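Dear colleague,

Please find the structure below.

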Amino acid sequence: MEMDCTAVLTDVWLMLDGECDEATRARLQHHMDHCSPCIEAYGIEEKVKSLLSRKCGGDKAPDSLRARLSIEIRRSVTIIENSDSPADTA
């Protein structure tokens, strides 16, 4: 299945972080092997990730911040899911 460049560039960070499954990684790699603009963009993102790692590598968010963000993300997902459901017509 062919991927468009937008989809590839959206998933580049997943690939860089090792957070995509093997099938996705293979599809991304296959596309980049045949698309020089995407491989160039991948290289730039890889350099940015490396720079961030060098400059901020040891920094971790406090546990309290991580917990608050997790709650807010779950709350946002719940609100979005509820707004997508049809309104009661009773």
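This is a predicted model: local features need pLDDT of at least 70, side-chain atom pairs count only at pLDDT 80 or more; totals for chains, interfaces and linings use all residues.

Residues are numbered from 1 along each chain as its sequence is written, and side-chain values use heavy atoms, with hydrogens and water left out.

Helix H2 comprises residues 22-34; helices are DSSP runs (H or I) of at least four residues, numbered from the N terminus. Its buried residues are Thr24, Leu28, His31 and Met32, where buried means under 20% relative accessible area, exposed over 50% and partly exposed in between (1.4 Å probe, protein chains only). Seen down the axis of H2, these residues fall within an arc of 95° and so line one face of the helix; the arc is that of the directions from the helix axis to the C-beta atoms. The face turned away from the buried side carries the exposed residues Glu22, Asp33 and His34.

The structure holds 3 salt bridges, each a side-chain nitrogen of Lys or Arg within 4 Å of a carboxyl oxygen of Asp or Glu. One of them joins Lys49 and Asp17 (2.6 Å, N to O). Because Lys49 lies in helix H3 and Asp17 in the loop between H1 and H2, this pair ties together parts that are 32 residues apart in sequence. Another links Glu22 and Arg25 (2.8 Å, N to O), which both lie in H2, 3 residues apart.

Yours sincerely

Terms used:
Helices (H or I, at least four residues) and strands (E, at least two) are DSSP runs, numbered from the N terminus. The expected span of a helix is 1.5 Å times one less than its number of residues.
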